[in-house]
Amino acid sequence: MGHQRVLVASHGTDGARAAETLALASCAPGATLHHLYVVPDLWRGMMGDDWLNNVRTRIRFGDYLEGELASEADACLERLASACAEAGLVHEPLLRQGEPASCLLDAVTETACDLVVVGMPRPKSEEGLRSRLTLEPLVRGLQVPLLIAPRADA
């Protein structure tokens, strides 16, 4: 039996895409899939130091960084929205900035979901940003089931 309100945390990495696949499969027909996309706090301070030596350069860099982050988020949200439409599910995007586990716990309360799906952490051998979803706060704080999707290569 599928769930009616599923929350998936996904930012488009391989592990997150595995979570998307599991979340889609966990939904009942016509269910709502809440898609949480978190921009980690670490981007907030990415204005550089020495090389950003004037206001105009800082503004340009800030605009560029903001545009890149928005573009990545839009692509991920649109991809999952398409998959939901194809599966006959309602897609509810949730875009947040902050610490991923805290954002997820807040989203669970906000959406009243009955299942949370996340991906496995990226292996240390794999390149990429090390923005980790800390599982301990979820295990302690969630009042609904948590599924951790295995990686396709695991």
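The protein contains 4 helices and 5 strands. Read from the N terminus, these elements follow the order β-α-β-α-β-α-β-α-β. The mean pLDDT over the protein is 84, and 82% of the residues reach a score of at least 70. Where pLDDT is low, the predicted coordinates should not be read in detail.

Of the 154 residues in the protein, 36% are buried. The accessible surface amounts to about 9000 Å², and carbon and sulfur atoms account for 54% of that area. Contacts across the sequence were also examined. Among contacts between residues at least 6 apart in sequence, 77% link residues that are at least 24 apart.

Strand 4 (residues 115-119) is mostly covered, with 5 of its 5 residues buried. In a regular strand, side chains alternate between the two faces of the sheet. In strand 4, both faces are covered: Leu115, Val117 and Gly119 are buried on one side, and Val116 and Val118 are buried on the other. Strand 4 pairs with strand 1 in parallel through 3 bridges. Within this pairing, valine 6 has leucine 115 of strand 4 as its bridge partner. Strand 4 also runs parallel to strand 5 (residues 146-149), to which it is joined by 4 bridges. Here the bridge partner of valine 117 is leucine 147 in strand 5.

The structure holds 3 salt bridges. One of them joins the side chains of arginine 79 and glutamate 20, with an N to O distance of 2.4 Å. Because arginine 79 belongs to helix 2 and glutamate 20 to helix 1 (residues 14-26), this pair ties together parts that are 59 residues apart in sequence. Glutamate 20 counts as buried because its relative accessibility is 4%, whereas arginine 79, at 25%, counts as partly exposed.

Another salt bridge is formed by glutamate 110 and arginine 96, whose closest N and O atoms lie 2.7 Å apart. Glutamate 110 is located in helix 3 (residues 100-111) and arginine 96 in strand 3 (residues 90-98), so this pair ties a helix to a strand across a separation of 14 residues in sequence. Arginine 96 has a relative accessibility of 25% and therefore counts as partly exposed.

A further salt bridge links glutamate 136 with arginine 140, the closest N and O atoms being 2.9 Å apart. Both residues lie in helix 4 (residues 135-141); because they are 4 residues apart, about one helical turn separates them. Glutamate 136 is partly exposed, with a relative accessibility of 48%, while arginine 140 is exposed, with a relative accessible area of 66%.

Methods: Residues numbered from 1 in each chain as written. Predicted model: local features only at pLDDT ≥ 70, side-chain atom pairs only at ≥ 80, totals over all residues. Heavy atoms only, no water. pLDDT = per-residue confidence, 0-100. Salt bridge = Lys/Arg side-chain N within 4 Å of Asp/Glu carboxyl O. Helix = DSSP H or I, 4+ residues; strand = E, 2+ residues; numbered from the N terminus. Buried < 20%, exposed > 50% of the residue type's maximum accessible area, 1.4 Å probe, protein only. Pairing = 2+ DSSP bridges. Contact = heavy atoms within 4.5 Å. Areas by Shrake-Rupley, 256 points an atom, 1.4 Å probe, with all protein chains shown as cover.
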